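Where does the ligand sit, and what holds polar atoms close to it?

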Amino acid sequence: MIPFIDLKAQYARIEGDVRARMDAVLAHGRFIMGPEVAELEEGLARFAGSGHCVTCSSGTDALLMALMAQGIGPGDAVFTSPFTFIATAEVITLLGATPIFVDIDPATFNLDPDRLDQAVAALVGRDPSAHPLPSAALDGAPLRPAMVIPVDLFGLPADYDEIHAVAAKHGLAVLADAAQSFGAEYGGRRAVTCARAAATSFFPAKPLGCFGDGGAVFTDDATLAETCRSLRVHGKGGHKYDNVRTGLNARLDTLQAAVLLAKLAVFPDELDERRAVADGYAERLGDVPDLTLPTVPPDRTCAWAQYTVRHAAREAIQAALREAGVPTAVYYPCPLHLQTAFAGLGYSAGDFPAAEAASNEVFSLPMSPYVTPPTLDVICDALKDAVRGVGA
Ligand SMILES: *Cc1c(COP(=O)(O)O)cnc(C)c1O
């Protein structure tokens, strides 16, 4: 079986550096907030061109801290995509705020800025005929349109210019869910600098992954960064036992920072290699009938967290690929508005047709910097056979 994500090939490349850096942590023994954490934050901020980087224990906690630091809570409406990982919306409900889903642009899988405008207008006018709304937006006290969380799905930055224009019109803060897009660029800048705050993840399968859970918040706002630094250590003030707010235990382990320092050194090369793999797929699959390949608008680059295609006969194609030793994965088989966890919001099937269609048709092919041209040939030949099989 071809690996879906080839972390072994990556480890073979960086093993010496990873082991040396981990040994250094074992030797100094500062497992919590050791010197590697600050070194990593400097390196990440420099790489991203961001004023501040605050690392933390996961991408989910990065989103949570960014929401807490901006005071999101009960009575706030937070707009986001229904076609994303549960964490994007989970953090909204955890804080007592209300997620309001906005359908995606089917070409990019990212939140559709025009529909965002319609959703805010529907919320303010309490008019669900203008855009589907959760029941909480219609019962009781009106919700305040507070924030939008665009998601850079599969590594492709969202439509930030258009989203900022709609956000400015309605007074929404913008928090980027850049969990999948670390390294991607939008308008010549790293995607994590395209909003007041951005959250990324270092989960092993993300473009820059550690050996466990990890994440970071990026911002140019010094006060916001300071608040996140406080939130990640139980709301500390001047010192650990001076608590100025209630916060979290959300630090990044020093050992994970050491691993990430080794990986960051090869990350720019890996981004180029991911792009070459994506180009290799596009060259080989461009003329396969009824198979839709990912598109990257000319003003941005993709970090290629996933190479996601779509076809109406997904299940049959996946089964044929499995037979041929080619693994695939579906991100995401159920849009969030139809998840049991969000049943209380009162959405129904049909509310977000683009997200629902994508959930039924998308599948992702093996992707990492280490997919070689011969492996690309094997994958793409198997895929062409599979598509021919479902057409026959
Ligand atoms: C992975 C992911 C997260 C959560 O990151 P964790 O580090 O797993 O907590 C949030 N949003 C999106 C879009 C993700 O892909």
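Start with Asp177: a polar atom of its side chain is 2.8 Å from a nitrogen atom of the ligand. That pair is a polar contact, meaning N or O atoms within 3.5 Å of each other. Lys206 makes another, with a side-chain N or O atom 2.8 Å from a ligand oxygen. At Gly59 the backbone takes part: one of its polar atoms lies 2.7 Å from an oxygen atom of the ligand. The ligand alone would expose 380 Å², and the protein buries 92% of that (Shrake-Rupley areas, 1.4 Å probe).

This is a predicted model, in which local features need pLDDT of at least 70, side-chain atom pairs count only at pLDDT 80 or more, and totals for chains, interfaces and linings use all residues. Residues are numbered from 1 along each chain as its sequence is written, and side-chain values use heavy atoms, without hydrogens or water.

Now the shell. The ligand is surrounded by 15 residues, each with a heavy atom within 4 Å of it. Gly59, Thr60, Gln180, Ser201 and Lys206 are the closest. By class, the shell holds 5 nonpolar, 8 polar and 2 charged residues; Gly counts as polar here, and Asp, Glu, Lys and Arg as charged. Helices α3 (59-69) and α4 (87-94) are the elements that give two or more residues to this shell.

Finally, turn to Arg115, in helix α5 (residues 113-125). Arg115 counts as partly exposed because its relative accessibility is 36%, between the limits of under 20% for buried and over 50% for exposed. Its C-alpha lies 24 Å from that of Gln70, 45 residues away in sequence.

Conventions. Polar contact = N/O pair within 3.5 Å; in protein donor to acceptor, adjacent residues only side chain to side chain. Helix = DSSP H or I, 4+ residues; strand = E, 2+ residues; numbered from the N terminus. Buried < 20%, exposed > 50% of the residue type's maximum accessible area, 1.4 Å probe, protein only.
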